[in-house]
Amino acid sequence: MKVNKKNVQTNDNTISYTHVETGSKTICFMFSGSGYNYDKPLFYYATMMMFQNKIDIIHIHYSYSEHILKKTLEEVSKAMMDDITPVMLDVLKNGQYNETIFLGKSLGTIPMALDLMKREEFLKSKMILLTPLLNLELIFNSIVSSEHQGLLIIGDKDSRFNLEQIEKLSYANLEIEIVQNADHSLDIGGFDTSNSIIALSNVMEKLQKAIKVI
């Protein structure tokens, strides 16, 4: 296993990313949430799951001010893609990968839904959406109309959860997993440690099933 930390120059700044190589032909790009970074449980164990399946990973280390996050959804997505795209081009330029997976949580699902899921070159990529912002109409409409395979996980105590929307999403190709009593971090009851760990384990089992066909 080889770990490389690299920087790429964007129009406005320099974005760093971590590239972990196992010699795989499959790469998983991970997009963190706002304040929910790659050392948090969902990303930490998702990263371990990728290693277990011998899938290379990319952690993109972006951050955004409140000023950016208060802009329109399209503007937020564009700002994120302005940072994400140079990293993807840098990683994919040598043609060593023939399969791509995208895994994002919350904020990280915005560029997935509004940009990447609409790109022809990624129509066969798997999409893993953790706690997506389904309360935002553009996000929901993009996901429900997508033909991508993958996985969508959300807690029923998440403020973005809406059962009527979930029922509509059931017609999509994505597998839908509702975590009972889980909040936006997929924690149970705030401080219910034992059940939160059980929920996390179940989430990882779902992730394993979603990526095993790669």
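Reply: Helices (H or I, at least four residues) and strands (E, at least two) are DSSP runs, numbered from the N terminus. This is a predicted model, in which local features need pLDDT of at least 70 and side-chain atom pairs count only at pLDDT 80 or more, while totals for chains, interfaces and linings use all residues. Residues are numbered from 1 along each chain as its sequence is written, and side-chain values use heavy atoms, with hydrogens and water left out.

Me: Fine. Where is His59, and is it buried or exposed?

Reply: His59 sits in strand E4, which covers residues 56-61. His59 counts as buried because its relative accessibility is 10%, where buried means under 20% relative accessible area, exposed over 50%, and partly exposed in between (1.4 Å probe, protein chains only).

Me: What does the His59 side chain make a polar contact with?

Reply: The partner is the side chain of Thr47, at 3.0 Å; a polar contact is a pair of N or O atoms within 3.5 Å, and within protein one must be able to donate a hydrogen and the other to accept it, with residues adjacent in sequence counting only if both atoms are side-chain atoms. Setting aside neighbours within four places in sequence, His59 is also in contact (heavy atoms within 4.5 Å) with residues including Ser16, Tyr17, Met30 and Tyr38.

Me: And Tyr62, where is that?

Reply: Tyr62 is in the loop between E4 and helix H2 (66-69), and it counts as buried because its relative accessibility is 7%. A polar atom of the Tyr62 side chain lies 2.6 Å from the backbone oxygen of Ser32. Among the residues that Tyr62 touches, not counting those up to four places away in sequence, are Phe31, Tyr38, Met80 and Asp83.

Me: How far apart are the C-alpha atoms of Met80 and Tyr62?

Reply: They are separated by 8.1 Å, with the two residues 18 apart along the chain. Met80 lies in helix H3 and is buried, because its relative accessible area is 1%.

Me: Switching topic: what is the strand order of the sheet?

Reply: The sheet is open, has 8 strands with mixed pairing, and runs in the order E1-E2-E4-E3-E5-E6-E7-E8; two strands pair if DSSP finds at least two bridges between them. Strand E1 (2-9) and strand E8 (174-179) are the edges, each pairing on one side only.

Me: Which way do E3 and E5 run, and what joins them?

Reply: Strand E3 (residues 26-31) and strand E5 (residues 99-105) run parallel and are joined by 6 bridges, and Ile27 has Thr100 in E5 as its bridge partner. Helix H1 (residues 41-52) packs on the sheet, touching strands including E3, E4 and E5, and its direction makes about 175 degrees with that of E3 (axes are lines fitted to C-alpha atoms, for helices over the stretch in contact, and angles run from 0 to 180 degrees between N-to-C directions).

Me: Last one, the largest nonpolar core: how many residues has it?

Reply: The largest nonpolar core has 70 residues, and those with the most contacts inside it are Ile60, Leu103 and Ile143; such a core is a set of buried Ala, Val, Leu, Ile, Met, Phe, Trp, Tyr and Cys residues joined through side-chain atoms within 4.5 Å. Helix H3 (residues 73-92) gives the most to this core, with 8 residues. Leu103 touches, among others beyond four places in sequence, Phe29, Phe31, Phe43, Ile128 and Leu207.
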